[in-house]
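Hi,

Here is the structure I said I would pass on. Have a look at it first, and then read my notes below.

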Amino acid sequence: MDSNHQSNYKLNKTEKKFLRKQIKARHTLLRHEGIETVSYATQSLVVANGGLGNSVSRSQLLPALEKCGLVDALLMPPNKPYSFVRYRTANEAKKAYITLNGKEIVDDLGQKIILYLNFVEKAQWKELGLQALPPGLMVVEEIISSEDEKMLLESVNWTEDMDNQNAQKSLKHRRVKHFGYEFHYENNNVDKDKPLPGGLPDIWDSILEKWLKEGFIKHKPDQLTVNQYEPGHGIPAHIDTHSAFEDEIVSLSLGSEIVMDFKHPDGVTVPVMLPRRSLLVMTGESRYLWTHGITPRKFDTVQASKGHKSGIITSDVGDLTLSKRGIRTSFTFRKVRQTPCNCSYTVVCDSQMKGTPPSFPGSAREASQLEQEYVHRVYEEIAGHFSSTRHTPWPRVVDFLKALPSGSLVADVGCGNGKYLGINKELYMIGCDRSQNLVDICRDRHFQAVVGDALAVPLRSGSCDACISIAVIHHFSTAERRVAALRELVRLLRPGGTALIYVWAMEQEYNKKKSKYLRENRISQGKEEISSGAAVPESLAEQVPDVGSQDAAGCVAALTDLQEGGGHASTVTKAKLPVHTNRTSFHSQDLLVPWHHQGKPGKDKAVGAAGPRDPGPVFHRYYHVFCEGELEAACRTLGHVRLLQSYYDQGNWCVILQKL
């Protein structure tokens, strides 16, 4: 709506509602994406809600835009809920602004979406450099004929009796059959001593012989897994267990194309198109080091150009659109390994890993030892690399600090590299961290910081007007120690003082929305931040949570214990702590999270994330991820405290409490 037009008459109710939403869209683009709109007409517009991330394809949006004038370019960034359009003239862009603002279109899912347009100086998007396929990965197009495809699909009997000799299962998101050996998803392995009767179906003999003869495979497989995926289904990112299978893993895609995501430990993500009737071959680095998975969604972002089939989905935002998924059946062939793996990727090889994961602590002494080895020592080692990935403050933490009265004394307990210490120049802030190397980084930045434990902060009782504890308390390994850390924050506060506390959430999808931790690729797209470490709540960045009943019961038990004033450690002791798979949902509250280190240990300088490099050492940090209500329940065990606010913020549970 034209601002001059608005001033000439009083807006009706509908127009007021539209104007509010348009302003909200403008503010959201600025706050979350750094896109600044202008109030005067230009050739370029940003179209809020008109993006690939909103299930709006190029073929739907472009015709509506072209009705208003000659479109020079339509840029649609991947996974974003907006797009940019550039018209030949400013008058044409103004016509689109007036005509399409508030216009309703139907997305590829059949849902109605309202467009909100705003002028920008330039329609631009910083594109990624050209990527290469992961080393050792090959996609062979049209490996079989359409007639063979039909025959192979019809050979799979999904209706046969469940007692059949071949293991057939209906998993949560797909149907599965196993031949040769059953693949156990709970440990990504097979029982080598229990082969399934019958081996691989005879129909595959001639096909496998042909692939061997043509050099596409080097070993004749003895294990086959058939997966049937409906649109909207996927498979979590994973690496096939080194000790279970030989180097070569191949997968045939029938029925429909799919985009599979490959991720390097450095954070580089490469989306690869697997066309219908194509063969994916993974060997070497792509098989042993990169994870591969399929994001559960009904549409894939693909190249719009007709000539593009297999290979990398590039970041050319002028050539991206959506492709609706169909029913895809994959046939994955493996050769079961009979000897330990001796690959060169020792940091991720289960055959060559040294030591075993620690057990859940059964006493205060064991808890302290666990934290010393899997929290304190790790942060001391990775301080420089960790700091290089920690430079963007979280908006609601900034809001809390900026709302404090001028002259307030504020303690940042667990300050890390001090990224919050300079947010509000009107405050007197002091940081405290257990890591000497991180404190040294704070001092290099001319911040006030001291080395100290969050259970015994070296500051006088009642001396602080406010405290913040951001992503710290989840590193304490028992309920008693987590409550003690909260109590220490309260000790520092004067009466009336407030504390803001953030902890990592078990629920990485909340109100049907995934956290950034699950959503984001590590490669930045445009103005997105590059984060080259491992999975940590800091990056606030594809799988839907699948919390088992046992873990859910554990959440309830922990909450009940806290609410009854117990605050006692879990009775589950001596169980080995699981190692989390980065960028996936949590399946346990207590776990070890890998950090793939880059650079020299200690106070190394900032490390870039330009592309894959030789894997550095992998460190594991202990985390206790909090269930909904658990942080509030812990706060209620404290005396002389009022809970002012509790909320969920991008994969974290958060509270603001006040000392009475």
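Predicted model: local features only at pLDDT ≥ 70, side-chain atom pairs only at ≥ 80, totals over all residues.

I started with Q658, which sits in strand β33 (residues 652-659). Its relative accessible area is 16%, and since the cut-off for buried is under 20%, Q658 counts as buried.

So what does the side chain of Q658 do in there? One of its polar atoms lies 3.2 Å from the backbone oxygen of G496, and there is also a polar contact of 2.5 Å with the side chain of R642. Setting aside neighbours within four places in sequence, Q658 is in contact with G496, G497, T498, H640, V641, R642 and L644. For H640, which is 18 residues away along the chain, the C-alpha separation from Q658 is 8.5 Å.

Next, the core. L657 is among the residues with the most contacts inside the largest nonpolar core, along with C467, I473, L486, I501 and L631; that core has 31 residues. At least two residues each come from β23 (409-413), β26 (464-470), α11 (479-492), β27 (493-504), α14 (630-636), β32 (641-648) and β33. The biggest share, 6 residues, is from α11.

Cheers

Note on methods:
Residues numbered from 1 in each chain as written. Heavy atoms only, no water. Helix = DSSP H or I, 4+ residues; strand = E, 2+ residues; numbered from the N terminus. Buried < 20%, exposed > 50% of the residue type's maximum accessible area, 1.4 Å probe, protein only. Contact = heavy atoms within 4.5 Å. Polar contact = N/O pair within 3.5 Å; in protein donor to acceptor, adjacent residues only side chain to side chain. Core = buried A, V, L, I, M, F, W, Y, C linked by side-chain atoms within 4.5 Å.
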